[in-house]
Amino acid sequence: EAKRLGRRRAQPYLPGLAERLAERQHMIDDLYDAVQHGGFALAFQPVIQLSNGATTGYEALIRWNHRVRGWVAPDVFIPIAEECGLIEEIGRWVIMDACRQLAGWSPHLQVAINISAAQLKSEALLQHLTQAIMVHGIAPERIEVEITETALIDDAARTAAMVRRIRKIGIKVALDDFGTGQSSLAHLRDFQFDRIKIDRSFVVRAGTDRQSMAVLRGTVSIGKELGVLTHAEGVETREQLDLLRDIGCDAAQGYLVGRPIVPYHDPIDSGDLPLPESVLRPIAATLA
Ligand code: C2E
Ligand code: MG
Ligand code: MG
Ligand code: MG
């Protein structure tokens, strides 16, 4: 009897599979709709320089405003957009809107834009970047594109060429989530980056875990050797911030410094309001 049940359980029927596929298809339909009718917004999270607490710029983080689900996080819809081929259009909007908003900020501020693997493989990326720069009259040095290690894995020669071409325009390139992918060190050898963003997982454990601390110190040291900025992600406590500054890390980002915020926008008359610098001043004052 047990054997019979076991065999039955092994049947390739998954309850809810049809429902899950239908839901996924709904999501794809809604994504198409959002691309056509503008269902996205950019949240901005501040980046500070650890030497003096000054804000150097903001990372643009996409949100999808879904009529039923509310705000949807990128980890949920970006992978789907990549699979169904919508990422290029969404990525184009992100680049254009980030540059549009950047044009209204103080000229010393930068914007960081996340680029997915599929975008990096397409020539269109260069067109989208140069077009946004021209339309909004922006110095290319004020833009930094963020690439994750997983985007570098396949076709390394081609992606390395793309990274070189992006940097040739004057746009900066950052390696995102450093330390979580495969062959992280090989990427530092084979690609030229302007910034290394050390993954949050190392920062979280920095105060308590010798291994994480060693990786942090080592990465900061490699960054200095290479002349590449080091940047800690996911800084949530004052202890983490002080520790990172003590080991010579250049920049920090995280909830302690500021959460991602969608700037208030009045559709009728004004443009986007400036970001709340006042929120950042207390931290800057203690670091300076
Ligand atoms: P990421 O580029 O590594 O961005 C950092 C993520 O960590 C963001 O999540 C941010 O809200 C979150 N975060 C920041 N500080 C803290 C902190 O102190 N603690 C914790 N627990 N989390 C923190 P978010 O906005 O949900 O974005 C997730 C990922 O989605 C991003 O990771 C990025 O890979 C991707 N993404 C976001 N926007 C875009 C986009 O416009 N295009 C593409 N292709 N990917 C995007
Ligand atoms: Mg990023
Ligand atoms: Mg990251
Ligand atoms: Mg990430």
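These legends walk you through a few close-up views of a predicted model.

View 1. Helix H7 covers residues 156-169, and its 14 residues reach 20 Å from the first C-alpha to the last, close to the 20 Å expected. Look for Thr 159, Ala 160, Met 162, Val 163 and Ile 166, the buried residues of H7. Seen down the helix axis, these buried residues fall within an arc of 160°, so they line one face of H7. Their packing partners are helices H5 (117-120), H6 (124-136) and H8 (184-190), together with strands E5 (143-148) and E6 (172-178). On the face turned away from the buried side sit the exposed residues Ala 157, Arg 164 and Lys 168. Just after the helix, Gly 170 takes a positive phi of about 110°.

**View 2. Inside the largest nonpolar core.** This core has 73 residues, and among those touching the most other members are Leu 31, Val 111 and Ile 166. Helix H4 (residues 87-102) gives the largest share of the core, seven residues. In soluble globular proteins, nonpolar side chains tend to be buried together.

**View 3. The magnesium ions.** Which residues are the protein donors of the magnesium ion (ligand 2)? They are Glu 59 (OE), Asn 114 (OD1), Glu 146 (OE) and Asp 176 (OD), lying 1.9 to 2.2 Å from the ion. Distant parts of the chain are linked here, with Glu 59 in strand E2 (residues 55-66) and Asn 114 in strand E4 (residues 110-115), 55 residues apart. Glu 59 is buried at 4% relative accessibility, while Asn 114 is partly exposed at 28%. The magnesium ion (ligand 3) is 4.0 Å from the magnesium ion (ligand 2), and Asp 176 coordinates both. Glu 59 and Glu 146 also belong to a network of salt bridges with Lys 197.

View 4. The whole structure holds 13 salt bridges, and one of them joins the side chains of Glu 83 and Arg 24 at 3.0 Å, N to O. Glu 83 lies in helix H3 (residues 74-83) and Arg 24 in helix H2 (residues 17-37), so the pair ties together parts 59 residues apart in sequence. Glu 83 is exposed, with a relative accessible area of 57%, whereas Arg 24 is partly exposed at 31%.

Note on methods: Residues numbered from 1 in each chain as written. Chains lettered and ligands numbered in written order. Predicted model: local features only at pLDDT ≥ 70, side-chain atom pairs only at ≥ 80, totals over all residues. Heavy atoms only, no water. Helix = DSSP H or I, 4+ residues; strand = E, 2+ residues; numbered from the N terminus. Expected span 1.5 Å × (residues − 1). Buried < 20%, exposed > 50% of the residue type's maximum accessible area, 1.4 Å probe, protein only. Arc of directions from axis to C-beta. Contact = heavy atoms within 4.5 Å. Core = buried A, V, L, I, M, F, W, Y, C linked by side-chain atoms within 4.5 Å. Donors = N, O, S within 2.8 Å, 3.2 Å for Na, K, Ca; no water. Salt bridge = Lys/Arg side-chain N within 4 Å of Asp/Glu carboxyl O.
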